[in-house]
Amino acid sequence: MAVFVCVCCSVCLAGDSGQCSVNGMFLFDRAMWSPQPCSVCQCQRGTVSCHPVPCGVSNNQQTVKKKEKKPSPNAEKKEGIPKQKKSLQRTSEEGGAGRQKKEERHVTPAKAVAVVKSMATQNKKQEVAVKKQEVAVKTQEMAVKTKVRKTEVPVAKRRDPKINKDSLPYLPYDDDDHDDHDQSEHDDNDDDDDYIIRATRKPTMRLAPMGRPVTMAAGRLATTTTKRPMARGPGPGRAVVTFPRRHSIMESLPAGCLLSESLIACGSTGMVHIPILSDQGVKTLYLADNKISKIPPRALAGLPNLEWLDLSKNKLDDSSISPDLFQNLTKLRRLNLDGNNLTKVPSILPPSLVELKINDNKILGLTPSSFKGLSKLLTLELEDNHFHDGNVSPLTFWPLKKLIYLRLEDNKFRAIPSGLPVTLQTLHLSDNRIEEVHEGILNKTVNLRFLDLSHNRIREDRIAPRAWIHLLKLESLDLSHNKLVHVPSFLPVGLQQLHLHHNQIERIPGYVFGHIKPGLDLLHLSHNRLVNDGIDDVSFLGLYNSLTELLLDHNQLYSIPSGLLKLKNLHLLRLNHNVIRYVPLNSLCDMHLSDDSPLVSVHLEYNLIDRRLIPPTALSCIKTYHSIILRPQSHEEDYHHEDY
């Protein structure tokens with residue numbers, strides 16, 4: 001009667017690895033070995049299972065016949081056993097054959113232990129690889145705390161944080177590195193590898209296949225397993241990850257999309273239409289930079305919790321957006337329609353909107369009903385359309401009771417539009433054709449803090465004396481790139497930053513800043529036509545204790561302007577690119593005072609200064625010479641940037 005002695009001490013390892021510990025050696029899940037002749041053991045999900053196999057027998061007991069050292073050719077081609085498993089079997093078989101002397105012997109426990117020990121030596125490298133893999137998996141599992149959607153995720157290309165396939169690497173979680181090419185037919189349904197996408201402080205994402213459906217379901221979706229993807233390179237260094245087809249409850253999304261628990265992003269994927277989407281968990285839908293020209297009326301009805309929709313840079317026109325498109329989007333807060341072919345504002349927009357962008361379109365006008373019902377809107381951007389004074393109604397902005405940010409750049413306004421909301425804090429009107437600022441046009445915008453009128457045609461004599469009188473909260477005024485000849489008078493009383501660069505300014509009138517309280521912090525007068533005669537001793541009156549940055553570079557000054565010593569808080573002074581020839585005493589440092597100057601940066605490069613003629617004490621009040629930039633000068637060779 002045959003006698004079987006089990007000498008393998010097995011331990012079930014808890015966790016996801018499903019490995020077995022046999023006599024102190026770790027074996028992969030589904031690994032097979034022969035602890036003794038006529039017996040085969042296998043690790044199955046952490047449990048060791050042994051069973052007898054047919055072999056030669058004698059009259060009185062089961063025996064082991066001597067085997068050939070070279071395996072048969074058919075054995076090498078057998079598909080059911082991986083290479084590693086065959087190696088283990090050959091080790092056991094060859095060891096048994098070497099000890100037999102043509103006579104049959106009984107299998108003893110000691111001999112079985114010797115077989116296992118020899119197998120441990122063969123698998124030493126495998127054990128080290130397993131331990132390294134366990135550490136990597138545990139580290140990754142701690143990073144991925146949220147459940148992953150049961151889906152195959154596409155990759156999107158975004159405008160603001162650009163998303164691409166290269167930015168979404170994946171970490172394969174493979175139970176057995178040796179069975180990648182030799183899979184058992186019986187293990188086809190079980191040998192699945194988990195793929196964990198690297199996700200740090202971001203929702204976990206998965207790569208989606210070319211032309212494969214995306215599986216989505218309402219609510220959260222748990223992490224699933226899938227076959228190892230196959231990388232196929234459409235171009236150099238650009239692999240496409242494909243997955244087996246899954247059952248889907250929605251239409252297919254194109255390759256290159258990205259999907260997470262609350263995001264669908266298909267930017268720059270060549271999409272020409274929007275499929276019918278249905279998922280209550282999606283809050284962001286990013287479809288920018290595609291070729292979408294038509295949107296089914298019910299395409300977004302299955303996304304009731306959508307908060308951000310980006311359809312910018314497509315081919316949408318007025319007929320593309322039906323009145324019912326946004327009907328079910330009661331929680332939509334941000335809508336981006338930039339870069340399309342709209343000639344009017346879409347009707348029946350969601351009342352929940354707080355941000356609306358329709359820049360770079362062809363909108364021909366605004367009516368009192370254009371923004372009807374948008375009482376919660378905070379940001380409105382209408383840059384680069386076809387607006388002018390005659391096609392924007394004074395009642396256009398009446399429904400916008402909470403608007404604080406408005407962009408109207410790059411249109412054809414000749415004057416500031418009337419009827420602006422009282423709540424407005426930021427107004428951009430650059431790149432228009434504005435020539436004058438009428439009195440009373442800004443009387444109701446008492447909360448305005450930032451006003452940009454740059455790149456227009458404004459002259460100081462076309463600004464009404466009382467144009468800014470009601471703007472008590474205005475902090476920043478940009479009048480750069482206009483046609484100013486003098487610094488304008490009657491500036492807003494609370495102004496802190498004044499941008500007047502790239503004009504034709506020749507003079508800073510005395511006392512022009514005297515009424516400003518507490519005074520300007522920044523005065524930008526670069527790229528003008530200032531000469532020394534145009535700056536008086538009292539030109540900076542009102543700024544003595546407030547001004548920290550004075551930019552006078554790229555003008556026509558031939559000496560350091562007077563009155564700078566009175567600026568007690570000045571940190572940055574730019575006088576480069578003028579025609580200054582010398583630095584006299586008491587121009588930047590008061591010789592009657594021993595205190596250090598607050599100046600930390602003085603730019604005097606690209607003038608006509610002979611550094612050898614600068615008095616030693618002319619710049620002695622400045623703490624470090626590194627703060628003074630004197631090289632190169634215009635008449636010198638082009639030295640590298642050096643300190644004084």
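Residues are numbered from 1 along each chain as its sequence is written, and side-chain values use heavy atoms, with hydrogens and water left out. Because the model is predicted, local features need pLDDT of at least 70 and side-chain atom pairs count only at pLDDT 80 or more, while totals for chains, interfaces and linings use all residues.

An open sheet is built from 3 strands in the order β4-β5-β6, with antiparallel pairing (strands are DSSP runs of E, at least two residues, numbered from the N terminus; two strands pair if DSSP finds at least two bridges between them). β4 (32–36) and β6 (47–52) are the edge strands, each with a single partner, so one side of each lacks a neighbour in the sheet. Between β4 and β5 (residues 39–44) there are 3 bridges, and Met 32 has Gln 42 of β5 as its bridge partner.

Turning to charged side chains, the whole structure holds 11 salt bridges (a side-chain nitrogen of Lys or Arg within 4 Å of a carboxyl oxygen of Asp or Glu). Arg 407 meets Glu 383 at 3.8 Å, N to O. This pair links distant parts of the chain, 24 residues apart. Arg 407 counts as buried at 18% relative accessibility, whereas Glu 383, at 25%, is partly exposed (buried means under 20% relative accessible area, exposed over 50%, partly exposed in between, with a 1.4 Å probe and protein chains only).

Glu 475 and Arg 449 form another salt bridge, with the closest N and O atoms 3.1 Å apart.

Notes: Helix = DSSP H or I, 4+ residues; strand = E, 2+ residues; numbered from the N terminus.
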